[in-house]
Amino acid sequence: MIENLTVHLKGISKRFGKKQALEKVDFELKKGEIHAIVGENGAGKTTLVNCLFGMIQPDEGEITINGIRYDKLSPRLAVEAGVGMVHQHFKLIPEFTVAENVFLGQEIIKNGIVQEKLQNRRIEELSKRYGLEVDPLTPIYGMSVGMRQRVEILRALSKDIRVLVLDEPTAVLTPNEVDQLFEVLRKLVADGLSIIFISHHLHEIMRIADRITVLRSGKKHVTELTTGLSELEIARLIIGRDQSQVLKHSEADPGDVVLRVEDVLITDSRGAQTVKGVSFNVREGEVVGLAGVAGNGQSELAEAIIGMRKVDAGRICYLGQDITNISVSQLREKEIGVIPEDRLQRGVNPYMTIAQNIYTGSMNDESYGRIFLKLDKIEQHAMDLVKEYDIRGVDDGTFVGELSGGNIQKVVLARELSSQPKLVIASEPSRGLDIGATEFVHKQLLELRNNRSAVFLLSTELEEVLSLSDRILIIHGGRIMSEFDRHSIPDEAVLSAFMLGVENKS
Amino acid sequence: MKAKTLLGKFETFISRSLPVLIGLVISFVIMLIISDQPFTAFVSFIGGSFFDLYSFGSMLSILSILLISGLGGMVALKAGAINIGGEGQLYLGAMTAAVIAIYLKLPAPDFVVTILAILGGMLAGALWILIPALLKSLLNVNEIVTTLMSDYMAPLLTAYFVNNVIRNPMSGNAETVRIPQTMQLFKLLPPSKLNISIILSILLLICLQIFYLRTKSGLKQQMVGLHPSFAEAMGVKPQKVIFTSLLASGAIFGLSGALVTLGIEYRFLQGFSPGYGSLGLTIALMGGIAPIGILWSSILYSVLLYGATKMQVNADVPFSLVFLLQGIIVLLVTSNKFNISFGRREKNE
């Protein structure tokens, strides 16, 4: 065993059902280094660190922490071994104070009484030492995301740890907060800690990490020193697969502008600005794809267009009409089809029948009845669509929740697309679907485009965007980084670089 | 296909009836322990409503009230809201009906006054839930807490009025004077108190059944109740829908109270209700939040409530046994419900 290794993972494998999440992954963390783990969504980054933290038991492989080999690691054992973790989603109790949260479950107790003063002093010590300024007596609610993260880090540091794991710590932070976080991380490393850092943002990795390990669909691709690598090279390492085969589609013949988005600014529910001045338009007869890593403002943008989120500034126009901040019911009167990102929450009502689910999309259509519903007509319409969209597993009055994912999405498509809308907003239309269903969805979207609809596709699957779009926009950090048309698409590595925030220099 | 649904129906029938049967067995065991004549007690309890026409009529008059209350509970539940304050709305409705019929001295024919009294009762019930409904839809304040609080206030508020403002000075009880006979609801089976409320209650049931199965507004109510985030995505505003459903629920409980005053009590009496309102929520839940189911569960409750009165007369078992039995049944029914809903949730994931 090499002396200065803090963590040594050897041949870690883990299966979830049919999916091989990790396959014989080796990973070494040296003492006093910041080691970034990068890879695409689903490459196994989070699974790997969860194995290290004992939240997941690997099927095979060895875990050695500080020279001690652990056969069965639990979170408790991991903490004892000196591993601390800051999760992507904070696990704090908003009503409790900083000190109460930091020492939750591990209070300093003397004679059955919690030693609050001692706890507070300990927090003050830690925060002074690492520049994590927080007041131990402030309750969590009302704190900014950055402050909450400090509390999480303090909680990890309150135990005697040697390794700190940060799962996408910068995703929720403002640039300023990121700078502060990095300063803290450098102090921790100077103090002898080792840090594992998961991030999608390449320029951050360049700034902070000493080495990177690239995971590709569950396998370790390479571990390299960061110095000497360019962002583009890292991006290439991350993607590094064959150019996807391009789905055949005819030359686009774009017509009038159907959707126009101008300088849109959006603030999300946490108060962070997620869309920072986005402008583009979608014409009839073309598919415009918006590609980007999840959480760069796509969801908020889609919600704003379909009336489910307010826009701070800017304009959204549909066929020349201003539809900025209109209500959902007003929007549904227009010929706009919406395929929402969260299928079970917003795409269907799993507890209602297929006919009811399909009808709810046209509640403004009075030919189905103004007050009293024409149930026969609704039922008949639904049955026609079940046939047309080949929805399977349907009995009399089947609840949508009883269908498979692909068939549920077909119900959404039947409701939203069967009326040949002029504009389609499709968010992650093939998420979680198998190959067959994905193909079906893609064919539907292309057919609409060939029938002169305007299609706006938002997807984190680069391949999906590439195979469907006539024009591609790349979003990063709430801004459109660059735009390509179908004939001038650079290779995926370059695209990924843009998706990860590399500036467009051309 | 057909056989499957038939079997399914039989299964739901069994799973719905089983808790009642178990509850009855337990109550019989209790009677065996505490009573000297357990069989008389038990027979009166179960069959007391069917001994004679008078008993049957009395049971039906209770049924008309409980059915309406059950529907009142259902209307809120359909939209995903819980109105715990049914008893309070019922008290306000009952008192308002009495005030309109007795004290307003409206210059109108008697039957018009009766109708106005009924409408007034509904309005009072709706007003009593207005604040919880507004708080729920504007500020998302939990309606369970607010309706529960308003539920405590109503009997006390009405008690104040009936003791200090509208008390019948000739009576030893805290009650109003009697409603003129011409304004009382038409009796169907004298001398029992069965009156046209039973027809009203069945009409309301049919109307609600049609509303939820066949109208657009009914569908919207259920969309919000079953899956609010999807309703929102389809342009239905959950806050608005819940607001109307709570008001309607309050109005129906108010109706229930007005019908007690005009058809059974003929006056407003302090503390007159043996839980006509608070039973509404239980009956609605037991009936599976569906009109037909609620018909069955309200029949069950009426038979037991009236049977308990009989049992008290014929045997040495106290009326409060019915509440014990009620508790047991509700416990069994709700635990059964949880089972069903967990099964369904797993399927969806």
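Modeller: Of the 506 residues of chain A, 43% count as buried, where buried means that 20 or more other C-beta atoms, placed from the backbone, lie within 10 Å of the residue's own, exposed means 12 or fewer, and partly exposed lies in between. This is a predicted model, in which local features need pLDDT of at least 70 and side-chain atom pairs count only at pLDDT 80 or more, while totals for chains, interfaces and linings use all residues. Residues are numbered from 1 along each chain as its sequence is written, and chains are lettered from A and ligands numbered from 1 in the order in which they are written.

The secondary structure of chain A comes to 17 helices and 22 strands, which are DSSP runs numbered from the N terminus (helices are H or I with at least four residues, strands are E with at least two). A compact globule of 506 residues would have a radius of gyration near 23 Å, so the 25 Å of chain A agrees with that expectation; the radius is taken over C-alpha atoms, and the globule rule is 2.2 Å times the number of residues to the power 0.38.

Now to the sheet itself. Six strands of chain A form an open sheet in the order S6-S9-S10-S3-S11-S12, with mixed pairing, and two strands pair if DSSP finds at least two bridges between them. Strand S6 (83-86) and strand S12 (219-225) of chain A stand at the edges with a single partner strand each, so one side of each has no neighbour in the sheet. From one strand to the next, the twist averages 20°. Strand S3 (residues 34-38) and strand S10 (residues 194-198) of chain A pair in the parallel sense over four bridges, and A:His35 has A:Ile196 as its bridge partner in S10(A).

Helix H5 (residues 145-157) of chain A touches S6 and strand S9 (163-167) of chain A, and its direction makes about 170° with that of S6(A). Such angles run from 0 to 180 degrees between N-to-C directions, with axes as lines fitted to C-alpha atoms, for helices over the stretch in contact; two residues are in contact if their C-beta atoms, placed from the backbone, lie within 7 Å. Helix H8 (residues 231-239) of chain A lies across S3, strand S11 (211-216) and S12 of chain A, running at about 30° to S11(A).
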